[in-house]
Amino acid sequence: MTQLDSVVKPKTKRSKRFLESRAPKLTEDVKTAMIMKGGNTSETVTKALKDIHSLKKPNAVLYKKKNITRPFEDSTSLEFFSKKTDCSLFLFGSHNKKRPNNFIFGRLFDFHVLDMIELGIEKFVSLSEIKANKFPEGTKPMLVFAGDVFDTDAEHRRLKSLFIDFFRGPTVPAVRLAGLEHVLHFTALDGKIYMRSYKCLLKKSGCRTPRIELEEIGPSLDFVLRRTHLSSDDLYKLAHKQPKALKPKKKKNISHDAFGTKFGRVHMQKQDLSKLRTRKMKGLRKRKGAAVAAEEGQAPKVAKEES
């Protein structure tokens, strides 16, 4: 058992607060990513890591020193840094002759590697090369995925889930229209994944709804899929399990249709309609003769008109 795995008892109030912040919660904090580079890197990988870090700020930790490790062969160092910095996401950049300009996106569950997907950078355009106004730091992006492979292929489906985890940002209760400034677009086509970053511009349209234009601001990356390390279906299901306290309680006799309309069913006792009191009108009143005949079961007598 390592020092980090051992049970630590707080000695001061400050350490107690720190351990309480690390303890499991019903609603977890925003996922933080650690961004690090390997023993050998290129200029493309270094710039790309800095640009991804600028997209993830402030929920990211950038390691400037080199880390001589190979995640697909030994992931203990990643798990150590994850527990030390309380990060559940990581991005590892490296460069060698066999796999040039290499990115490894991954996530951890219970401080153990859950998924790892290796992507090779074929084309890269940095943030500084595109001269345009940028968005403020910490802006929550809108994620768009184009391509049937993201829904049909198992590896691309897991990659889509990993990208959503990595770039989604904090969970917000409401959305402001003017705050929708950043768009991240992922396209899967011909065995490649194209990542583009846009700024959303709201223009005047002559009506209440503004006209939307997209302006590319960078970074722009063309990826090719390489190695993958995916967890089993049981472990993946366990990682997505939610506590019972967060699950919405099912209400009886309430249903929703495809459009979200709410329907309720009310149970009542059987009503006796003969005792139902309605509005009395003169035209509906029975005559005395008709009432007596109805009780005797005879037809009411009608007076003959005199000729």
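I checked Asp190 and found it exposed, with a relative accessible area of 72%; exposed means over 50% relative accessible area, buried under 20% and partly exposed in between, with a 1.4 Å probe and protein chains only. The model is predicted, so I kept to its limits: local features need pLDDT of at least 70, side-chain atom pairs count only at pLDDT 80 or more, and totals for chains, interfaces and linings use all residues. Residues are numbered from 1 along each chain as its sequence is written, and side-chain values use heavy atoms, with hydrogens and water left out.

I placed Asp190 in the loop between β7 (182–189) and β8 (192–203). Helices (H or I, at least four residues) and strands (E, at least two) are DSSP runs, numbered from the N terminus.

Next I noted Asn253, which is not a glycine but has a positive phi of about 60 degrees. Asn253 sits in the loop between α6 (233–239) and β11 (254–256).

I then turned to the peptide bonds. Which bond is cis in the loop that holds Pro58? I found that the bond from Lys57 to Pro58 is cis, with omega near 0 degrees, and that Pro58 lies between α2 (43–56) and β2 (60–66).

I also logged a cis bond joining Gly218 and Pro219, with omega about 0 degrees. Pro219 is in the loop between β9 (211–216) and β10 (220–229).

For reference, most residues other than glycine have a negative phi, and most peptide bonds are trans.
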